[in-house]
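Trainee: Can we go through this one together? I would like to begin with a ligand.
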Amino acid sequence: MAERMRTVSGPAPPPGAGPTLEALLRRCVQCGLCLPVCATWLASGDETYSPRGRLLLTGQWLAEPEAALGDASWRDALDTCIGCRACSAVCPSGVPHELLEAAAGAARAGRAASGARWLVPLLERPAWLRALGVAAAAGRAAFTVALGRNWRARGERLPALRRLARLVGTVPRAPGSDQRLLRRLDGLAGGAATKPGPLPVVPGPREKLLWFRGCADEGLLPDSARRLRDLLAWAGADLDATAPTACCGALAEHGGCAGRAAGLRARNLAAWGDGSPAAAIVTAAAGCGVAIRDYGPALPAPQIDAIAWLARRARPPFGSVPLRVALHDPCHARHGQGLVAEPRDLLRAIPGLTLLEPDEADVCCGSGGLWSLAHPQLAAEAGRRKAAVLAGTGADLVVTANPGCLGQIADGLALRGGPAVIPLGDLLWYAAMRAPAAAAGRPPGPLAVPPACT
Ligand code: SF4
Ligand code: SF4
């Protein structure tokens, strides 16, 4: 009862949307195919935290919105949905996405003070994120001094420190400068040291693109963001990064601040104007990509993910990288933008690289932006599970293309002594740096993907 008194009513189903959502709900045949891809069901084993269970609860909201919104367990079941869209990708009836997002949005809007909502204005600013990165690095150093090198495992056993240790451990850790990254990857790959220097300008057709500055990439992984821009330029992009854009609005949306998200959307659209003469708006973080794609017809140019653009673009060949690499697909890339073949095609085009496919590739790692802060226990379970399947591949290195996934997976892998994880763009940049000089200066050619991969 005390919990109910602290809450306010959330929104009922939008006017006119009720019958549409009900018709969608009736298409669910309760087959349960969506359960094994749901990170919260896998972490909890509780049907309430599964897509099918949440859909039943969504039916209650459609029938009796006030009763559903007044029930703390109803709100908890919907609020714990990560919004990863893994269930939508496997559902044969095309059911969950729209329904779950509407009901989860109502559950979040109905909370008087979301646990993590106050963080939204801070995490939307690269400067604050830079400060967070510095604070997390100091926290990791302090934990190492106080608890030793295996501070994550020891922190897990200390209830007073567990949450802080996880927070510090999951803030994405930047791979650092070019020299540092080259040293690290050369050490893993063996052989001669890769010569530092700028990527060559390749002759051939070029395309104008608007570069969208993602807050987390710019704030927490600035060197990696710059290397990705260099890679795009190497492959033929003329990037325009001058539009004074703001955060894409994804954090505000997930934090239940719909008005703030709408304001950011309007600001970005005004900054881009008519978009001309750019062919597309290119995004780096998968979450930003989906948020911007969802701006819909108001976008002055189509959104495209940087990895998708690189994969579709004819380009010069990569140099050899003799490493066994496991790829983690961010949900907003795999399920939100349908990017499955693109990162694999790029990795398979690197001579000497062995691409390893982990089990449960379509399951979320449990990062989910603000979600992991609001639901630390579920997030920790999901992160440990993801780290176990990635480490189980026997990879030398794990790559992914979303800052949140990077931090979550790095924490899980460090806890179990697994391989390092770096941004996918950094590995592609490294492969481009190792291209033989003659090949690097050649005009772009068609994508050559050797067929044999595990
Ligand atoms: S949502 Fe789709 S996959 Fe899940 S139980 Fe219903 S019909 Fe089956
Ligand atoms: S969106 Fe993700 S967390 Fe939510 S029900 Fe579907 S699979 Fe589970």
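Mentor: Fine. Keep in mind that this is a predicted model. Ligand 2 is surrounded by 16 residues.

Trainee: Which residues are the closest to ligand 2?

Mentor: The closest are Cys38, Pro51, Cys81, Cys84 and Cys87.

Trainee: And which elements give two or more residues to that shell?

Mentor: Helix 3 (39-44), helix 4 (51-63), helix 7 (86-90) and helix 8 (96-109).

Trainee: How does the shell around ligand 2 divide into nonpolar, polar and charged?

Mentor: There are 12 nonpolar residues, 2 polar ones and 2 charged ones around ligand 2.

Trainee: Switching to strands. What does strand 5 pair with?  In which sense does it run against strand 6, parallel or antiparallel?

Mentor: Strand 5, residues 324-327, pairs with strand 6, residues 354-356, in the parallel sense, over 3 bridges. Strand 5 is also joined by 3 bridges to strand 7, residues 397-400, and these two run parallel.

Trainee: Last topic, helix packing. At what angle do helix 12 and helix 24 pack?

Mentor: About 120 degrees, with the axes 7 Å apart. Helix 12 covers residues 159-170 and helix 24 covers residues 403-416.

Trainee: Which residues meet there?

Mentor: From helix 12, Arg166, Gly169 and Thr170; from helix 24, Gly407, Gln408, Asp411 and Ala414. By class, that contact has 1 nonpolar, 4 polar and 2 charged residues.

Note on methods: Residues numbered from 1 in each chain as written. Chains lettered and ligands numbered in written order. Predicted model: local features only at pLDDT ≥ 70, side-chain atom pairs only at ≥ 80, totals over all residues. Pairing = 2+ DSSP bridges. Helix = DSSP H or I, 4+ residues; strand = E, 2+ residues; numbered from the N terminus. Near = placed C-beta within 6 Å. Nonpolar A, V, L, I, M, F, W, Y, C, P; charged D, E, K, R; others polar. Axes fitted to C-alpha atoms, helices over the stretch in contact; angles between N-to-C directions. Contact = placed C-beta atoms within 7 Å.
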